[in-house]
Amino acid sequence: MLRPPGVVSWLRRRVNPLFLLGAANLVLLFLLWLGLSESGVVPRLFLPSPAEVLTRFGQVRGELAENTGLTLLRVILGFGLGCGLGLAIALLSGWSRNVQRALEPVVQILKPIPPIAIAPFTLLWFGLGLSGILFLVAWGCFFIVLVDATEAIRNVPKVYGWAASTLGATRLQTYLRVVLPATLPGILGGLRVALVIAFNQALLGEFNSASGGIGEIIIKGYRFNRVDLLFLGVLIMVVLAVVADQVLTYSFRRAVRWAN
Amino acid sequence: MRFVRFPSVVTVGSLVGFVGLWFVASTYHLIPYLPTPIDVVLVFVEHPGPLLSHTLHTLVRGLVGLAFGSALGVLVALFFGWNRYIRAFFMPTVVAAKSIPVLALIPIFILWFGIGEKSIVPFVVVGCFFIVFVISIEAIANVPTVYVWAASAMGASGTQHYTRVILPAIVPGIIGGLRVAAASAFPLTLAAEFLGAQQGLGYYIIKGVALLQVPEMIAGVVGVTALAVAADSAVRLTTGRLTSWSERVVP
């Protein structure tokens, strides 16, 4: 006799019942959306039905792919630029007390400025195009990572440095081979916060500048009363942000395997 | 002596350098439309009226949003923390709340509630709610299991676990969340005002772009920064005593 395929038992072993509860929540949310929009309880003007959003998605697929790529490009480049600079400056001020003392006052002045408030200036300073939004995104990420990395560098146990010196490492070797790797695991939290800020900043830049991207799709949907387009844009943003966060967390944890 | 004086020289030099660079960049037009620091100071001296009244609008919207959003965030997090089934059910919501770019929701709020207070305040409520909710629920999840075991060993009931162990343990986490929310409430208000308001600092700054009143724009940024810093400090100072027993103030 053939053995049963074992799908059920595999599922039972593999799928956490708690995970199923979470999936149930998503299904219920979708049904709620379906019910509210299709029954007409909430007018179409305020809430498009899932079918409408899906139809619109089919119609503007190409345009959407292009704009999604544009937004992602801005977020990734700006995020990389801002986080990289933040880490670099933190490393520099960890290396030299004088660099730290020189930068500290300027950082203390600029850091409390909400990154959102910078948005209107980018149009004046950079005009339309990639550089303005990149600046906006990078500015938002920079201070978060700078503060987190500075803290993480301070928290590296002194013993590590002593151990490296005993083994004959120079100061630079100790810094690059011991302090830097010990710092990196500590900035994941900061990177994740910076990623959310990066998405927000990119959106804000796109709201204001008519230079493409999902932000422009959302604002177009709002201005021209095309609610299906508006909701489609917001849905894409939410999915992008959630996926990006998961990818960042997973790949960063893999990259700093030595931490665990 | 040299050890004491040298850093202060570097610090003062850096501040002077910052202001000096600003002057140079504005006088020689290295950064387009950048006014000198004096122009910005003159806004505060010569036309403080409009700035003050717009700041007041932003202040009220931000405070109302902050109050309702934070209270809601803490309450819902406490409800979710009650047991792991509720937590598991709302897991996707929590994941989304954590990484959602809230600014994407502004146009939806304007569509649903209209221009002005009607949409700005609900948006700030939701923004602050997300922040406080996510941080509080993480605080609940991070309560060391040893605490719960210890309470069980001493015969605590389910309710006692919650009120005597979990609640006090998450206070520092919740205060951390409140501080982030307090610092974010006014920028969120600002973002909503960029898109749909006739008063408030966001409107004041955006109007500055259209009329090229750059000193006014910078003064507006100073205003919103002051609000955010003041709110954060207020939370920190008023709640300092609540966590005096804890080893860490901010998680």
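**Domain and chain interfaces in the predicted model**

Domain 1 and domain 2 of chain A bury about 710 Å² between them. Carbon and sulfur atoms account for 71% of that area. On the side of domain 1 of chain A, the residues that lose the most area to domain 2 are Trp33(A), Arg44(A) and Leu45(A). Together they make up 59% of what that side buries. The model is a predicted one.

The two parts of chain A span residues 1-47 for domain 1 and 49-259 for domain 2. Their C-alpha centres lie 33 Å apart. Contact involves 9 residues of domain 1 of chain A and 9 residues of domain 2 of chain A. Across this interface, 1 salt bridge is found. The side chains of Arg44(A) and Glu52(A) form a salt bridge, with an N to O distance of 3.4 Å. Arg44(A) is also among the three residues of domain 1 of chain A that lose the most area to domain 2. Polar contact between the two domains of chain A is limited to a count of 1 residue pair, both at pLDDT 80 or more. By class, the side of domain 1 of chain A that touches domain 2 has 6 nonpolar, 1 polar and 2 charged residues.

Chain B is also divided into two domains, with domain 1 at 1-34 and domain 2 at 35-243. The centres of these domains, taken over C-alpha atoms, are separated by 33 Å. Here 6 residues of domain 1 of chain B are in contact with 8 residues of domain 2 of chain B. The pair buries about 620 Å², with 83% on carbon and sulfur atoms. Trp22(B), Phe23(B) and Tyr33(B) lose the most area on the side of domain 1 of chain B, together 72% of what that side buries. Between the domains of chain B, 0 salt bridges are found. There is 1 residue pair in polar contact, both at pLDDT 80 or more. The touching side of domain 1 of chain B divides into 5 nonpolar residues, 1 polar residue and no charged residues.

The two chains also meet. In this interface, 51 residues of chain B are in contact with 47 residues of chain A. Chain B and chain A bury about 4,400 Å² between them, 80% of it on carbon and sulfur atoms. Several helices of chain B give two or more residues to the side that touches chain A, including helix H1 (2-27), helix H9 (158-195) and helix H11 (214-239). That side of chain B divides into 44 nonpolar, 5 polar and 2 charged residues. The count of salt bridges between chain B and chain A is 0. Polar contact links 8 residue pairs across the interface, both residues at pLDDT 80 or more.

Note on methods:
Residues are numbered from 1 along each chain as its sequence is written. Chains are lettered from A and ligands numbered from 1 in the order in which they are written. This is a predicted model: local features need pLDDT of at least 70, side-chain atom pairs count only at pLDDT 80 or more; totals for chains, interfaces and linings use all residues. Side-chain values use heavy atoms; hydrogens and water are left out. Domain bounds come from an automatic or database domain assignment. Contact means heavy atoms within 4.5 Å. Buried area is the accessible area (1.4 Å probe) that two parts lose on being put together, summed over both. A salt bridge is a side-chain nitrogen of Lys or Arg within 4 Å of a carboxyl oxygen of Asp or Glu. A polar contact is a pair of N or O atoms within 3.5 Å; within protein, one must be able to donate a hydrogen and the other to accept it, and residues adjacent in sequence count only if both atoms are side-chain atoms. Ala, Val, Leu, Ile, Met, Phe, Trp, Tyr, Cys and Pro count as nonpolar, Asp, Glu, Lys and Arg as charged, and the others, Gly among them, as polar. Helices (H or I, at least four residues) and strands (E, at least two) are DSSP runs, numbered from the N terminus.
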